[in-house]
Amino acid sequence: MKIGRFAGVTDTGRRRMRNEDALVVRPPLFAVADGMGGARAGEIAARLAADALEAARADAAGEEGIAALIEDANRRIWERSLADPATAGMGTTVTAALVDEQAERVALGHVGDSRAYLLRGDVLAQLSTDHSLVAELVQSGVLTPEEAERHPQRSAITRALGTDAAVEVEVQTVPAELGDLFLLCSDGLSVMLGDDEIAAAIEDAGREPQAAGEALVRAANAHGGEDNITVVLFELVEGEPEARPPEIAAPQAEHEPTATADDVRTHGAGSGGRLASLALIAAVLVLGLLGLYWGISR
């Protein structure tokens with residue numbers, strides 16, 4: 001089993017002035033972060049979380065590995081907020097998936113109310129539990145799920161990265177099956193669309209991650225786009241796992257903009273783009289040699 005197609009799409013939405021979400025699409029690691037805080041602090045917190053995850057080594061594995069990565073992200077945000085008064089109190093959600101292709105399992109770690117879903121067959125299941133006020137009220141029986149969807153405090157979270165020196169990361173392991181499609185998203189999607197609407201948008205897009213991601217963003221905006229919308233999708237297919245470099249990716253500078261759909265799409269290019277470039281170079285060299293030979297023979 002191996003990771004097949006994957007994609008990430010992020011959008012500011014209809015109501016916000018800027019995008020404070022960040023995403024990571026670096027197989028075998030995928031993540032979504034939704035920042036919070038005054039000025040641009042939420043954007044900084046989300047970007048710091050993404051940087052910490054992008055700097056992960058390929059030997060990170062399992063629940064311990066994903067928890068350690070998220071705890072390191074928490075430390076980076078906390079230390080930055082102490083050093084820079086302008087970012088005091090900033091924080092971010094994070095939901096991350098680390099795929100173990102050899103063991104055919106996916107480790108999930110999350111803090112906050114960004115979600116992880118699994119579409120298996122024609123059934124969409126929410127894998128993560130929101131760390132939010134309304135989720136706790138539902139669990140305690142004070143609210144029904146329907147009441148929670150309309151509650152004015154539905155976006156109030158009870159746990160976040162960077163707001164304390166230590167954080168409790170919720171982790172789980174999901175045994176994978178061929179054809180599984182995983183979705184990670186910020187609440188800008190899940191507040192706007194119900195599970196049935198999310199599943200329908202993915203199916204209507206033929207389960208192709210890039211098309212499905214764009215369809216989900218369009219649907220969330222059509223329903224009001226009240227928050228930033230970020231989605232990451234990846235599928236598991238038959239085949240041998242690809243070799244990974246020791247480091248999944250070098251961290252980006254924190255001032256870099258959040259990745260866009262176009263930015264992420266390049267990660268799916270694989271070796272095809274490199275082969276095309278090599279072929280072009282080879283053609284230029286051959287033409288140059290032929291020209292040299294023609295000049296000498298004359």
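**Reading strands, helices and confidence**

Author: Start with a pair of strands. This is a predicted model. In it, strand S1 (residues 2-11) and S10 pair in the antiparallel sense over eight bridges.

Reader: What is the bridge partner of Gly8 in S10?

Author: Gly8 has Val232 as its bridge partner in S10. The general idea is simple. Strands of a sheet pair through backbone hydrogen bonds, either parallel or antiparallel.

Reader: Over how many bridges do S9 and S10 pair?

Author: Five, again in the antiparallel sense. Take Leu181: its bridge partner in S10 is Glu235.

Reader: Is strand S10 largely enclosed or open?

Author: Strand S10 (residues 229-237) is largely enclosed by the rest of the structure, because eight of its nine residues are buried.

Reader: What is the strand order of the open sheet?

Author: The order is S1-S10-S9-S6-S7, five strands with antiparallel pairing. At the edges sit S1 and strand S7 (123-126), each pairing on one side only. On average, neighbouring strands are turned by 15 degrees against each other, direction ignored.

Reader: Which helix packs on the sheet?

Author: Helix H6 (residues 195-204) does. It touches strand S6 (115-120), S7, S9 and S10. The direction of H6 makes about 55 degrees with that of S6.

Reader: How are two packed helices described?

Author: By the angle between their axes and the distance between the axes. Here, the axes of H6 and helix H7 (residues 209-222) come within 8 Å and cross at roughly 140 degrees. That angle makes H6 oblique to H7; over 145 would count as roughly antiparallel.

Reader: Is the crossing of H6 and H7 left-handed or right-handed?

Author: Right-handed.

Reader: Which residues in H6 and H7 meet?

Author: On the H6 side, Ile198, Ala201 and Ile202. They meet Ala212, Ala215 and Leu216 in H7.

Reader: Now confidence. Where is it lowest, and where highest, in the protein chain?

Author: Helix H8 (residues 261-265) is lowest, at a mean pLDDT of 36. Strand S9 (residues 181-185) is highest, at 98. For the protein chain, the mean is 81, and 72% of residues reach 70 or more.

Reader: Over which residues does pLDDT stay under 50?

Author: Over residues 249-298. The model has 46 contacts beyond four places in sequence for that stretch. Where pLDDT is low, the predicted coordinates should not be read in detail.

Technical notes
Residues are numbered from 1 along each chain as its sequence is written. This is a predicted model: local features need pLDDT of at least 70, side-chain atom pairs count only at pLDDT 80 or more; totals for chains, interfaces and linings use all residues. Side-chain values use heavy atoms; hydrogens and water are left out. pLDDT is the predictor's confidence in each residue, from 0 to 100. Helices (H or I, at least four residues) and strands (E, at least two) are DSSP runs, numbered from the N terminus. Contact means heavy atoms within 4.5 Å. Buried means under 20% relative accessible area, exposed over 50%, partly exposed in between (1.4 Å probe, protein chains only). Two strands pair if DSSP finds at least two bridges between them. Axes are lines fitted to C-alpha atoms, for helices over the stretch in contact, and angles run from 0 to 180 degrees between N-to-C directions. Angles under 35 degrees count as roughly parallel, over 145 as roughly antiparallel, 65 to 115 as roughly perpendicular and the rest as oblique. A crossing is left-handed if the near helix is turned anticlockwise from the far one by less than a right angle, and right-handed if clockwise.
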